[in-house]
Amino acid sequence: MTGLKRISISTLIALFAAVASAQDRTALVVANFDYGEHQLSHVKADAAAVSEALRREGFRVTLAENVPVKELKNTVEQFARSTVTRGVAVLYFAGLGGQYQTYNSKGAWWNHLQGAGKPADPRSPERESLALADVVKLLADHSSAGANFLVVDAARPNPFLAERENEPGGLAAVEATELADDMLVLMAAQPGSTAGELNEPSKLAAALAKHLSQGRESIGKMLQAVGNDVEQQSGGKQKPWFVVGQASLAVDSGTGKNARPTIASWPAFDNRTFLDSEQPREGSHPGQQWINASGMVFCWCPPGKFTMGSRGADQTEFGDAKPVEVTLPKGFWMAKYEAAQIEGQRAGWGPYPSITKAKLAPMHNLSHENPKKFIDMLTKAEQKAGRLPGDWEYALPTEAEWEYACRAGSTTRFSFGDDAEQLHCFANYADKSLLADDGAMQFADGRFDDGMGKSLAPVGSYQPNAWGLHDMHGNVAEWCADRYLPRLVGGVNPLVDQQIKEASADGVIRGGAWCSTAEYCASAFRNSEFAGKQRDYIGFRLVLRKE
């Protein structure tokens, strides 16, 4: 398959390195088959087959039929805003398209997707089309998915262009530099080529419906199978073509500095993984996940008792973290990821990103009070969506909740054990690449190199703990609800607030950061920070609990 020779399977694996579990997957299927006197009689069935295959793989599918151009852009944007943080998003468009030269294209051929209905001027259907570049930008700007997969099944001969002289067929090539590095575009045919006849079933749709389940084993192999199938169906006349974002081409998915464990497939559908509920309620087992209306993922932390703080002869002892016994009589939902910049944008608020400006990088440069603005906006949005009952609240975690969730049942130095040599698999912390970026970081661990340097990793880039929580040991340190005391407080639901006279005005931060040593990434490590100070190494994550 010619299109698949452009990019190796390892690159595809890198692109989809953090694909989601079932229900982290969202899909929009647009089926435009009514173009006035030109009816695409098989598009409705093609789209239905693709939709059903996506549902079998756990995708939450929105099917939109005969969307006119005035609504098409808004439909795509609403879909992008509904995607799940670090999930997988698929947008499948079936209908007419073409490449056109417009008044500002400066001679270049631009791709357009044609809105449904008969064009007001049949000789200029591009006036009632949405530029493919706009679709790409909407996904790049508003999707919080970790992988965005755009399938353009619009290579049929366009009857509105039949009388134009020297009009190229099909669609023009999309360059990797035009795409975000989390995006893949799959087209039904090679650039400049048409596919099939106007009223012929889509070979691409049939192949996708047939082979989509192979994504459980390998997304790269799935695409290979789709391409081979289409070529076979067409007797070699039709060859699908795809391109991935430019930055993905440089990613080393298996060795060297980016050799963190990856998932190159989507797991089989499993209802037990997610709480299937519009509104939050108590989970049934540790690590069960729930997604709110804003696309944020939460993991269930059950009620329980644990020893909070540093202990054990072989543990690093922190003077302000002597062990205490804590009881948490109610379970709570902890955000699976640190609050990401795209989540702040969706809520209408976010701090200035000084270290890394990227939609999936964690928010940072935050005072202790700043997250309250985000919490207030998120609460209003969730209540408006009917997804937040009055007796549930979003909040910063208490210190006790944070360490309990970080440990995820462990009693070791880190959630994964005592061996700091494994930390690079779980955390963005001070390592060789940071020292290379900043020679003053002489304390950095020169044995390991994740390639991040003086920057923030996209949330969820490293392995999670046993309850599915990512980045508890690194990336950014996280504000807790408590005020700082130079000792831990035990008991039932402990919280150190302004009512405790000996508490300082400083806030508490937990977890390591991009500039932390391994020692400071331990589960028990705690630190204080002036509550009004904004730091580039401090962010936050939320809890969702019943009051």
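Which word describes Phe426, buried or exposed?

Mentor: Phe426 counts as buried, because its relative accessibility is 12%. Buried means under 20% relative accessible area, exposed over 50%, and partly exposed in between, with a 1.4 Å probe and protein chains only. The model is predicted, and so local features need pLDDT of at least 70 and side-chain atom pairs 80 or more, while totals for chains, interfaces and linings use all residues. Residues are numbered from 1 along each chain as its sequence is written, and side-chain values use heavy atoms, with hydrogens and water left out.

A pair of aromatic rings is described by the distance of the centres and the angle of the planes. A search of the whole structure finds eleven such pairs (rings of Phe, Tyr and Trp, the last by its six-membered ring, with centres within 6.5 Å; planes under 30 degrees apart are stacked, over 60 edge-to-face, the rest tilted). One of them joins Phe298 to Tyr394: the centres are 5.9 Å apart and the planes make 50°, a tilted arrangement. This pair links distant parts of the chain, with Phe298 in strand β13 (residues 297-301) and Tyr394 in strand β17 (residues 392-395), 96 residues apart. Helices (H or I, at least four residues) and strands (E, at least two) are DSSP runs numbered from the N terminus. Phe298 counts as buried because its relative accessibility is 0%, and Tyr394 counts as buried at 4%.

The pair that contains Phe426 has another geometry. The ring centres of Phe416 and Phe426 are 4.3 Å apart and the planes lie at 15°, so this pair is stacked. Both Phe416 and Phe426 lie in the loop between α9 (399-407) and α10 (432-437), so the pair ties together parts that are ten residues apart in sequence. The two partners fall into separate accessibility classes: Phe416, at 24% relative accessibility, counts as partly exposed, whereas Phe426, at 12%, counts as buried.

His473 brings this loop into contact with other parts of the chain. The residue lies in the loop between α10 and β18 (477-483) and counts as buried because its relative accessibility is 2%. Leaving aside residues up to four places away in sequence, His473 touches Cys406, Phe414, Ser415, Phe416, Leu423, Ala427, Gly512, Cys521, Ala522 and Ser523 (contact means heavy atoms within 4.5 Å).

Phe306, Phe332, Tyr404 and Trp467 are linked into a cluster by ring pairs. Where does Phe306 stand? Its bridge partner in β15 is Val326. The sheet concerned is open and has three strands in the order β14-β15-β19, with mixed pairing (two strands pair if DSSP finds at least two bridges between them). Its edge strands are β14 (304-308) and β19 (491-492), each of which pairs on one side only. Five bridges join β14 to strand β15 (residues 324-328), and the sense of this pairing is antiparallel.

Asn493 is found in the loop between β19 and β20 (507-510). Its phi is near 45°, a positive value in a residue other than glycine, and at a relative accessible area of 44% Asn493 is partly exposed. Asn365, in the loop between α7 (341-347) and α8 (370-384), also has a positive phi, near 60°. Asn365 is buried, however, because its relative accessible area is 13%. Most residues other than glycine have a negative phi, and most peptide bonds are trans.

For comparison, another open sheet of three strands has the order β6-β7-β8 and antiparallel pairing. Its edges are β6 (97-100) and β8 (129-131); each has a single partner strand, so one side of each is left without a neighbour in the sheet. Four bridges join β6 to the antiparallel strand β7 (residues 110-114), and Gln99 stands opposite Asn111 in β7.
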